[in-house]
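Here is a short briefing to read alongside the model.

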Amino acid sequence: MKNKCYKKWSVFSLILLFTIFLSACKTDIQTPLELSEFKEPTSHEDLMEFVKDAERQSRQITMGIIGESVEGRAIPVLKISGDTYGTNPDKIKMIMFAMLHGNEHSGKEGSLKLIREFANGNLDHFLGNIDLMVLPLMNPDGAEETQRRNAQNIDLNRDHLALESPESQALRTLFMDYLPEVSVDVHEYFPYGSAWEEFGYRKDFDMQIGLVTNPNISSEIIQYQNDTFLPFMKEYIEERGYSFHNYLVGGIPNESVTRHSTVDINDGRQSMGILNTFSMIYEGKNGRDRYADNIEERANCQYESMVGLLEFVSQNKQAIKQMVEEGRNNLIESQPGEKVAIQMEYVKGDEPLHMPLKSVSTGNDTVIVVDEYYPHVEAVLEVEKPTGYLVPAEDEKIVNLLQMHNVIITGQFVPEDHDIYRYTNVTDPENARLVQLDDLPLGIGYYYVPINQLHSNMLVLALEPQSQIGLVNYDAFEYLTEEPDYPILRVNKK
Ligand SMILES: [Zn+2]
């Protein structure tokens with residue numbers, strides 16, 4: 001009897017010991033920044049070790065490599081999901097990518113903290129609603145040198161249309177593979193420039209969030225972001241002790257125009273936004289040295305802002321999913337004749353902006369009344385959508401670009417069923433004219449690019465020669481307007 005009891009106890013204690021052993025193995029992991037006691041932003045090498053550890057630590061995290069930088073550094077993605085990312089239609093898909101600019105380290109550090117918290121099981125409650133992809137370091141070559149651009153000297157946050165860098169190409173492929181409904185591009189702004197020092201005041205917001213502003217993006221998304229999302233984030237971030245503002249762009253107040261954003265579709269926010277994605281940009285406050293200065297606080301602010309977004313998206317999953325789906329369906333079902341704004345301008349608001357600033361000399365807060373405040377965007381020139389575009393098959397540059405964007409291109413086109421138009425006089429874009437052709441130009445093969453697809457608005461903005469943000473504005477595509485006749489044709493079904 002005694003013996004039996006002893007045996008039971010020894011089995012029990014073995015199990016107990018084993019459990020203790022297992023939990024000891026699964027100690028909470030720390031980010032490289034934390035291990036350095038906040039003295040060194042995470043290097044690419046340490047980052048790669050850390051994300052592998054995170055994957056080992058958690059069944060919910062899968063690490064992948066989406067491609068390589070110019071200098072051959074791996075660009076990792078962490079897919080965080082209770083299932084397999086993108087396979088559960090009830091969930092909403094999110095993508096967060098950080099450090100397109102190599103001198104904005106807090107986006108990376110905040111992302112690593114977020115990954116760490118998921119790895120340690122502290123954010124599991126979001127995974128019932130959300131599938132998340134995190135790319136903590138999009139520009140590893142720039143980051144190694146703490147410089148803005150990549151190793152080709154390309155600003156990756158202006159390369160999402162022309163896709164001239166391997167980094168932007170890899171991100172685009174990933175995005176198109178999954179088409180997340182929510183997208184965040186994580187940056188920092190630099191408030192310590194000499195012009196502001198001279199002015200005597202500077203911006204001091206810990207976090208600014210910029211929304212989609214191109215007027216061709218779904219007005220429902222734009223309105224919901226402004227009316228519902230932004231107030232939520234303001235409250236969420238301020239409750240955690242950080243200051244917040246809608247992203248303000250521009251130089252010294254009243255000496256130059258203060259506005260909210262660009263309308264261009266080549267940055268990390270609008271390029272996803274033009275596909276009717278719930279897309280935004282985060283702008284944390286950089287350090288004075290753009291490196292380790294204040295990095296703990298900067299990383300924490302990014303992290304809290306990321307969790308705030310997870311909270312908002314989790315709470316409003318159905319509404320966001322629905323408006324994105326509707327917006328994307330509208331693009332896929334686009335009709336010829338619908339208007340797209342290809343030239344836009346910023347428009348002054350009725351009210352001045354009361355801009356909170358900080359005195360450079362005393363550090364005191366102040367408020368400046370900004371009359372030169374241009375919060376709105378209006379169309380200056382609109383064009384009607386054609387049924388489709390014809391792109392010369394021999395123009396490999398454009399054809400490759402459209403393929404990288406996952407644009408639908410077909411060889412199926414019956415000229416007799418269509419009216420065919422060509423822009424002429426494009427060497428002088430102001431006076432370019434559309435003329436109807438009797439037939440297709442002889443001896444040139446074309447691919448047909450139908451307008452009724454997800455890229456509908458993007459195609460018009462990219463391909464119209466008078467588009468203020470079109471391909472013709474890029475050095476790589478300057479050749480399009482070197483001859484009076486524009487090589488890409490517009491066609492309308494008869
Ligand atoms: Zn940036």
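The points below cover the domains, their contact and some strand pairings.

This is a predicted model, and its protein chain is split into two parts: domain 1 spans 32-332, while domain 2 spans 386-493. Taken over C-alpha atoms, the centres of domain 1 and domain 2 are 33 Å apart.

**Where the domains meet**
- Domain 1 brings 16 residues to the contact, and domain 2 brings 17 residues.
- On the domain 1 side, α6 (166-178) and α11 (317-332) each provide at least two of the residues that touch domain 2.
- Sorted by class, that side of domain 1 holds 10 nonpolar, two polar and four charged residues.

**Strands that pair with β20**
- Strand β16 (residues 388-392) runs antiparallel to β20 (residues 489-493), with three bridges between them.
- Within this pair, Gly388 sits opposite Val491 of β20.
- Strand β17 (residues 418-424) also pairs with β20 in the antiparallel sense, here over four bridges.
- His418 has Lys493 in β20 as its bridge partner.

**An open sheet of three strands**
- The strand order is β6-β12-β13, and the pairing is antiparallel.
- β6 (201-202) and β13 (365-370) are the edge strands; each has a single partner strand, so one side of each has no neighbour in the sheet.
- Strand β12 (residues 353-359) is joined to β13 by six bridges, with the two running antiparallel.
- To locate this pairing in the viewer, look for Leu357, whose bridge partner in β13 is Thr366.

Definitions and conventions
Residues numbered from 1 in each chain as written. Predicted model: local features only at pLDDT ≥ 70, side-chain atom pairs only at ≥ 80, totals over all residues. Domains from an automatic or database assignment. Contact = placed C-beta atoms within 7 Å. Nonpolar A, V, L, I, M, F, W, Y, C, P; charged D, E, K, R; others polar. Pairing = 2+ DSSP bridges.
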